[in-house]
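Take a moment to look over the fold before reading on. The walk below goes from the whole chain down to single residues.

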Amino acid sequence: MKLLIRNLPRTTTETELRAMFAEHGSVQSCSLVMDKDTNSSKGFGFVEMPKVGEAKAAIKTLNGLEMDGNRIRVKKAETNPGEAADD
């Protein structure tokens, strides 16, 4: 399940993001969205967790967590047009 993580502190690294989600299960991929002009984080990213149960546990636990003064938001990422929805 692909998760969208929003409102991250701009200082968050992919390593920190991966470690945070790895506490809840296996992480297949992790990426922060970067500003191509400044090469700094735009404050959101994606984590892909192959096991739906682990992904749901991560959403439940981490959504609303405060990180460096920011309350992060974690939810299932919307599917792209043309992709089959899995629910």
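Predicted model: local features only at pLDDT ≥ 70, side-chain atom pairs only at ≥ 80, totals over all residues.

Residues are numbered from 1 along each chain as its sequence is written, while side-chain values use heavy atoms, with hydrogens and water left out.

Start with the elements. The protein chain has two helices and six strands. Helices (H or I, at least four residues) and strands (E, at least two) are DSSP runs, numbered from the N terminus. Read from the N terminus, their order is β-α-β-β-α-β-β-β.

Now the overall shape. The C-alpha trace of the protein chain spans about 35 × 30 × 20 Å along its principal axes. Its radius of gyration, taken over C-alpha atoms, is compared with a globule rule of 2.2 Å times the number of residues to the power 0.38. For 87 residues, a compact globule would come out near 12 Å; the protein chain has 13 Å, which agrees. The chain exposes about 5600 Å², and carbon and sulfur atoms supply 47% of that area. Accessible areas come from the Shrake-Rupley method with a 1.4 Å probe; for residues, only the protein chains shown count as cover.

The UniProt annotation "domain: RRM", from an unreviewed entry, covers residues 1–79. UniProt positions are given in the numbering used here, feature names are shortened, and annotations may be inferred rather than shown by experiment. The end C-alpha atoms of this span lie 10 Å apart.

Next, the strands. Two strands pair if DSSP finds at least two bridges between them. β3 (41–48) pairs with β1 in the antiparallel sense, over four bridges. Here L3 stands opposite V47 in β3. β3 also runs antiparallel to β2, joined by five bridges.

The largest nonpolar core has 19 residues. Such a core is a set of buried Ala, Val, Leu, Ile, Met, Phe, Trp, Tyr and Cys residues joined through side-chain atoms within 4.5 Å. The residues with the most contacts inside it are L3, I5, L17, F21, V47 and V74. Elements giving two or more residues to this core are β1 (2–6), α1 (14–22), β2 (29–34) and α2 (52–62). α2 gives the most, with four residues.

Look closely at F21. Leaving out residues up to four places away in sequence, F21 touches L3, I5, V27, V47, M49, A58, L62 and V74. Contact means heavy atoms within 4.5 Å. Across the chain, 59% of contacts between residues at least 6 apart in sequence join residues at least 24 apart.

Finally, two backbone angles. Most residues other than glycine have a negative phi. N39 has a positive phi of about 55 degrees, although it is not a glycine. N39 lies in the loop between β2 and β3. This hairpin has six residues between the strands. N39 is exposed, with a relative accessible area of 61%.

D68 also has a positive phi, near 50 degrees. D68 is found in the loop between β4 (66–67) and β5 (70–71). D68 is exposed, with a relative accessible area of 64%.

How values were computed
Buried < 20%, exposed > 50% of the residue type's maximum accessible area, 1.4 Å probe, protein only.
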